[in-house]
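Hi there,

Here is the structure I promised to pass on. My notes follow below it.

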Amino acid sequence: MSTPTVAPTTSKGLEGVVAANTRLSDVRGEIGQLIYCGYDINELAGKVSYEEVVYLLHHNHLPNQRELAELKATLAGYRELPKGVIELITRFPKDTPPMHAIRTGVSALGCYDSTADDDTMDAQRRKALRLIAQIPVVTAYFHRARQEKPLVHPDTHLGEAANFLYMIDGEKPSTEKESTLDLCYVLHADHGMNASTFSARVTIATLSDMYSAITTAIGTLKGPLHGGANEGVIKMLTEIGSLDKVDAFVHESLAQKRKIMGIGHRVYKVLDPRAPHLKRMAQVLSGKLGQPKWIQMSERIAELMLTEKNLHANVDFYSATVYYSLGIPTDLFTPIFAIARTSGWTAHVLEQLADNRLIRPQSIYTGPIGLKVVPVAQR
Ligand SMILES: CC(C)(COP(=O)(O)OP(=O)(O)OC[C@H]1O[C@@H](n2cnc3c(N)ncnc32)[C@H](O)[C@@H]1OP(=O)(O)O)[C@@H](O)C(=O)NCCC(=O)NCCS
């Protein structure tokens, strides 16, 4: 090992540390911009489907009609799960939190794939697309089984968002529901070197396998400081109960140094560019469903957090109200994030493999040195 020329320093939480070069996405925190492969998120939102974003992330350009049709057919064809995985996930205890079930289900998919350790790029790409197609199916089968409802098998005629809604509800979604979830998928597909993407890249950089990398990422996304925050938002809104109680709740939380879920971001110093899209959808949906109080409470929380702490709403803040208004159970919010982000995670895994080097940072030792072992009987 070469001798360091400058004394190493720690960046708690790796803030400001650059871990990789990537062509996939850029989070410009000072100006509130998010770019996927050259396209501003505001340019993509509402103009392209989730499948087009999958293609973009995996090929670095938007697909033409033929390429898009091929991708859709491939994803639809990959959806059905191995029997052993279906048996496993449908037998989990009914009260298993879905993120545990999905993490384990995705890991189990590796046991049924004879190419799990095939490291050729062709095999890696196939596994990436299979995972994008199968993670919603793992989620939906587990969700149906825990309610003791019959499983709804994937419909190859439906796109990714519509098929997921169909598989959890048992009926084809309205066009509005489908396009809402599709846009949510687009907005969640990738986000620079976020914690779960970083963990996927760390895992694959050891030349482990695609299933291990995505399992790692799911475990990392689950936490309330990352993808788990969207569930936390609904729990918080339910706990507050009504608009007139928002101010007291926020002030008390801040006084007790309790985090408000869905607010703040490590990189964005201004508004998260995904938030206005989600806010607009939340406004439309909660108005239609006759429950405008959720969006009114959310807007008041956001207003207070901006004036009191100069902190903005992030992607999880309004997506929670969107999913809630779509009638999606709260504990499927983070799984939906995982479903959409699998496109980004797998693209990052492929990018890491294309120019790999082991990711192995250092730490600064702060413990004692020179201790002598006292025999166990004398300790
Ligand atoms: C996203 C998040 C983890 C970023 O964390 P970070 O960059 O490590 O920032 P810190 O936790 O160090 O916060 C910096 C300051 O802002 C405050 N802060 C940050 N987010 C806050 C929140 N949601 N509610 C209240 N205060 C918050 C911290 O208390 C701290 O204040 P202090 O300096 O007075 O102690 C953090 O903002 C957070 O926990 N948000 C809530 C969870 C969430 O929505 N996660 C989804 C992210 S997309």
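Which residues does Ala 347 touch, not counting residues up to four places away in sequence? They are Leu 24, Leu 57 and His 58, where contact means heavy atoms within 4.5 Å.

Before the rest, a word on the source. This is a predicted model, in which local features need pLDDT of at least 70 and side-chain atom pairs count only at pLDDT 80 or more, while totals for chains, interfaces and linings use all residues. Residues are numbered from 1 along each chain as its sequence is written, and side-chain values use heavy atoms, with hydrogens and water left out.

Ala 347 is part of helix H16 (helices are DSSP runs of H or I, at least four residues, numbered from the N terminus). Because its relative accessible area is 4%, Ala 347 is buried (under 20% relative accessible area, with a 1.4 Å probe and protein chains only).

Thr 334 counts as buried because its relative accessibility is 1%. Its side chain makes a polar contact with the side chain of Glu 231 at 3.1 Å (a pair of N or O atoms within 3.5 Å; within protein, one must be able to donate a hydrogen and the other to accept it, and residues adjacent in sequence count only if both atoms are side-chain atoms). A polar atom of the Thr 334 side chain also lies 3.3 Å from the backbone oxygen of Gly 227. Leaving aside neighbours within four places in sequence, the contacts of Thr 334 include Met 99, Leu 221 and Lys 222.

Over in helix H9, you will find Ser 196. With a relative accessible area of 0%, Ser 196 is buried. Its side chain makes a polar contact with the side chain of Trp 345 at 3.0 Å. Beyond neighbours within four places in sequence, Ser 196 is in contact with Arg 341 and His 226, among others.

Finally, the second largest pocket has a volume of about 760 Å³ (a pocket is an open set of points on a 1 Å grid where a 1.4 Å probe fits, with protein on both sides within 12 Å along at least five of seven lines; lining residues have an atom within 4 Å of a point). Of its 23 lining residues, Val 17, Val 18, Ile 359, Arg 360 and Pro 361 are the closest to its centre. Helices H9 (195-205) and H16 each supply at least two residues of the lining.

Best wishes

Note on methods. Buried means under 20% relative accessible area, exposed over 50%, partly exposed in between (1.4 Å probe, protein chains only). Grid points are joined across faces, edges and corners, and a volume is the space filled by probe spheres set on the points.
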